[in-house]
Amino acid sequence: MRRRTEILVLLICLVIVTTSFASTVTYDHRAIVIDGKRRVLISGSIHYPRSTPEMWPDLIQKSKDGGLDVIETYVFWNLHEPVRNQYNFEGRNDLVKFVKLVAEAGLYVHLRIGPYVCAEWNYGGFPLWLHFIPGIKFRTDNEPFKAEMQRFTAKIVEMMKQEKLYASQGGPIILSQIENEYGNIDSAYGAAAKPYIKWAAGMAISLDTGVPWVMCQQSDAPDPIINTCNGFYCDQFTPNSNKKPKMWTENWSGCCFPVSNFYQFLITSRHIPNARFLSFGGTVPYRPVEDLAFAVARFFQRGGTFQNYYMYHGGTNFDRTTGGPFIATSYDYDAPIDEYGQVRQPKWGHLRDVHKAIKLCEEALIATDPKISSLGPNLEAAVYKTGSGGCSAFLANIDTKSDATVNFNGNSYHLPAWSVSILPDCKNVVLNTAKVNSMSVIPSFMHESLNTNADSTDSIGSGWSWINEPVGISKASAFNKLGLLEQINTTADKSDYLWYSLSMNIKGDEPFLQDGSQTVLHVESLGHGLHAFINGKLA
């Protein structure tokens, strides 16, 4: 008899479940508090539509490698709702994908909803159709505008909630922003400004994101909204409540130094060009990393705990997204990661080292407020001490020309002009902001031959097209009007251009016909294109 043995094989399927644990995000007078612990946070701006989705993972990883904890981005209303109630969140507009990629890298997100964003972006991010709503007035106590602003803001918040992207749901978003630099222009709105800001704050809080909201450049931001600083230097900034932390939402990585603040001498003493984003006819943005690092260290020296680079990667103004006045398609911004996604050295590397030095001081930075003392003219020390005996110090020389030697805690330290030395143990200098490791990275490029045969369907230029347009107004839709026209009302934003044609009949006794005087035609901006004809001949 043959025995038959049946063996039952049990397949045990192991189901791996990824569990996201919700975080509690609050704040106190020192810092953002995540799960009960104060945090020193380094952030950088990357605007998702100013690069391609294929670039996003690498940009985010390079940001993490550079020492960032947070990625900050605006949300661009006119990209997502180009037609009222018709939405676009695909391709470069895929906000959810971008936020999830940041989360996968282990970084946090600061979502600046606005929905007015400025950002050198077309119409400041407002969709054109908003302009034509009857009775609407932007960014003021106006019911048609407030209704649309609330609807879009709630739409974005709900999208984030559905994908569980807020930290309160286990996601990466630890902060959100409502409005944008309104305090810079609120006086133009008169008495209507204050109730509008109060309404905007209340509307944002009512959306129940579970994370704090901020308003940048808004000194009267209502509680519990945190008011934050934007600018080249924010070490002197103070929040409007002693219950709020000192936060810097825009540290401009490209240069456009204002001439009216305490540091105006930088323009003359260091000959820094006056441009932080590229405009037609303007200077290419440049800010020395020594100055940028100095500004960062000074901010943490004087009590700051959250700092964001605007921009960390600037990218490109694709399509017709660039705003005015005359902003070019490049939004490179002299950022630590350049327009094409390559790290910019020595800026990226030196800032990474600054971040490491600051993080070595984190335990002391979050423990207490700094004790600041003078070490001499333009010389300053800030000391942080923990309850367990830890100590960190920052020594600053804010003189732009002269180096100095200072005595601190019984030791002598050399401080180059316009620099900060960081001492995580109050004794040993791990970094001075003026001493840069002159690293360089040579990017590699793919070289492709250009097929110059215009008849070939494989020609690299086969995708290009052009029209030959006569100089002057040639369309049947041309019309006469006294004075200049409002661009949006005239073009409905279908074109960036209006062609004005002006003719003058000059009498024979005019001075410039007689002796050649007064023949200068002055055009204020190089952003304009202009053709001048005399008696039909191009001059």
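This is a predicted model: local features need pLDDT of at least 70, side-chain atom pairs count only at pLDDT 80 or more; totals for chains, interfaces and linings use all residues.
**Notebook: two helix pairs**

I began with a crossing: α1 passes α3 in a right-handed sense.

α1 covers residues 56-65 and α3 covers residues 95-104. Their axes come within 10 Å and cross at roughly 40 degrees. Angles under 35 degrees would count as roughly parallel, so I put α1 and α3 down as oblique to each other.

Which residues of α1 and α3 meet? From α1 I found W56, P57 and I60, and from α3 K97, F98, L101 and V102. Sorting this contact by class, I got six nonpolar residues, one charged and no polar ones.

Then I moved on to a second pair, α4 (residues 143-162) and α5 (residues 193-206). I noted an angle of about 25 degrees, with the axes 11 Å apart. Angles under 35 degrees count as roughly parallel, so that is how α4 and α5 run. This crossing is right-handed. On the α4 side I listed F145, K146, M149, Q150 and T153; on the α5 side, Y196, W199, A200 and M203. The contact of α4 with α5 splits into six nonpolar, two polar and one charged.

Last, I zoomed out to the whole chain. I noted 11 helices and 20 strands. Of its 539 residues, 48% count as buried. The chain exposes about 28,500 Å², with carbon and sulfur atoms supplying 53% of that. I also checked contacts between residues at least 6 apart in sequence: 63% of them join residues at least 24 apart.

Terms used: Residues are numbered from 1 along each chain as its sequence is written. Side-chain values use heavy atoms; hydrogens and water are left out. Helices (H or I, at least four residues) and strands (E, at least two) are DSSP runs, numbered from the N terminus. Buried means under 20% relative accessible area, exposed over 50%, partly exposed in between (1.4 Å probe, protein chains only). Contact means heavy atoms within 4.5 Å. Accessible areas come from the Shrake-Rupley method with a 1.4 Å probe; for residues, only the protein chains shown count as cover. Axes are lines fitted to C-alpha atoms, for helices over the stretch in contact, and angles run from 0 to 180 degrees between N-to-C directions. Angles under 35 degrees count as roughly parallel, over 145 as roughly antiparallel, 65 to 115 as roughly perpendicular and the rest as oblique. A crossing is left-handed if the near helix is turned anticlockwise from the far one by less than a right angle, and right-handed if clockwise. Ala, Val, Leu, Ile, Met, Phe, Trp, Tyr, Cys and Pro count as nonpolar, Asp, Glu, Lys and Arg as charged, and the others, Gly among them, as polar.
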